[in-house]
Amino acid sequence: MINQFSRTELLIGTENMTKLYNARVAVFGIGGVGGYVVEALARSGVGTLDLIDSDQVCLTNLNRQIIATRKTIGQYKVDAAKERILEINPDAVVHVYKTFYLPENKDQFDFRQYDYVVDAIDTVSGKLALAEQAHAAGVPIISSMGAGNKMDPTAFRVADINQTSVCPLAKVMRRELKKRGIPGLKVVYSEEKPLSPYPGVEVDTQEQRRQTPGSNAFVPSVVGLIIAGEVIKDLILPEPEMLL
């Protein structure tokens, strides 16, 4: 029977489509990267998605976030993403959490219920907590090393954290993961040196950070789609790759 996933089924077969339908994936951070991850997972037929983000859509999200339109400004990002998912696949199950993930609230999430975890958040402490929880639960995780202050979408690579170079965030994560006894972490990182934002540009942002990074329409989307592709491939392999 023809359905919205028929073209995908031509590539991966009925058995693997069933695997995706039965899979539950948690995406932490529904911004420029995470929004595209969610979009691609929904369009690939993943049956259950957990969306975790406390932010609302704002004006400066319009340049890069797939969930951001004039209509969705002011909505919680998880609500806007859920609406898109259900318009694509009404049979999907979507759990939303209006939560800013931190080590202090990590016990709110039982990672044993997930088949895969996506880290698309910005804080180092949160990223480390996600890696620790996934490691403890034996759940595969992939982490975005950041798309801010980047202009070259072709410079992104998929690797274990120990094989990364150039990326300052990956360097910090490598050191801190080693302290915590976590031997590996699958990441998407850039070999492009970060650019310095132009001074004097006002940015109204809800995000709590020392300096808001510059971004664009084409880098976060590429990172998000790379991550989604890795998740899909790992879910349908007989033994998903787990860099834990």
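In which kind of crossing, left-handed or right-handed, does α2 pass α3? The crossing is right-handed, a label used when the near helix is turned clockwise from the far one by less than a right angle, with anticlockwise giving left-handed. What you're looking at is a predicted model, where local features need pLDDT of at least 70, side-chain atom pairs count only at pLDDT 80 or more, and totals for chains, interfaces and linings use all residues. Residues are numbered from 1 along each chain as its sequence is written, and side-chain values use heavy atoms, leaving out hydrogens and water.

Let's stay with that pair of helices. Helices here are DSSP runs of H or I with at least four residues, strands are E runs of at least two, and both are numbered from the N terminus. Find α2 at residues 32–44 and α3 at residues 77–88: their axes are 9 Å apart, at an angle of about 20°. Axes are lines fitted to C-alpha atoms, for helices over the stretch in contact, and angles run from 0 to 180 degrees between N-to-C directions. The two helices are therefore roughly parallel (under 35 degrees; over 145 is roughly antiparallel, 65 to 115 roughly perpendicular, the rest oblique). On the α2 side, V38, E39, A42 and R43 meet R84, I85 and I88 of α3, contact meaning heavy atoms within 4.5 Å.

Now look at α2 against α6. Their axes come within 7 Å and cross at roughly 40°, so α2 is oblique to α6. By type, the contact has 12 nonpolar, 4 polar and no charged residues. Here Ala, Val, Leu, Ile, Met, Phe, Trp, Tyr, Cys and Pro count as nonpolar, Asp, Glu, Lys and Arg as charged, and the others, Gly among them, as polar.

Pick out S221 in α6. This serine is buried, with a relative accessible area of 11% (buried is under 20%, exposed over 50%, partly exposed in between, with a 1.4 Å probe and protein chains only). Not counting residues up to four places away in sequence, S221 touches G32 and Y36.

Finally, the core. In soluble globular proteins, nonpolar side chains tend to be buried together. A nonpolar core is a set of buried Ala, Val, Leu, Ile, Met, Phe, Trp, Tyr and Cys residues joined through side-chain atoms within 4.5 Å. The largest one has 43 residues, and V25, L41, L51, I227 and V231 have the most contacts inside it. Helix α6 gives this core its largest share, 8 residues.
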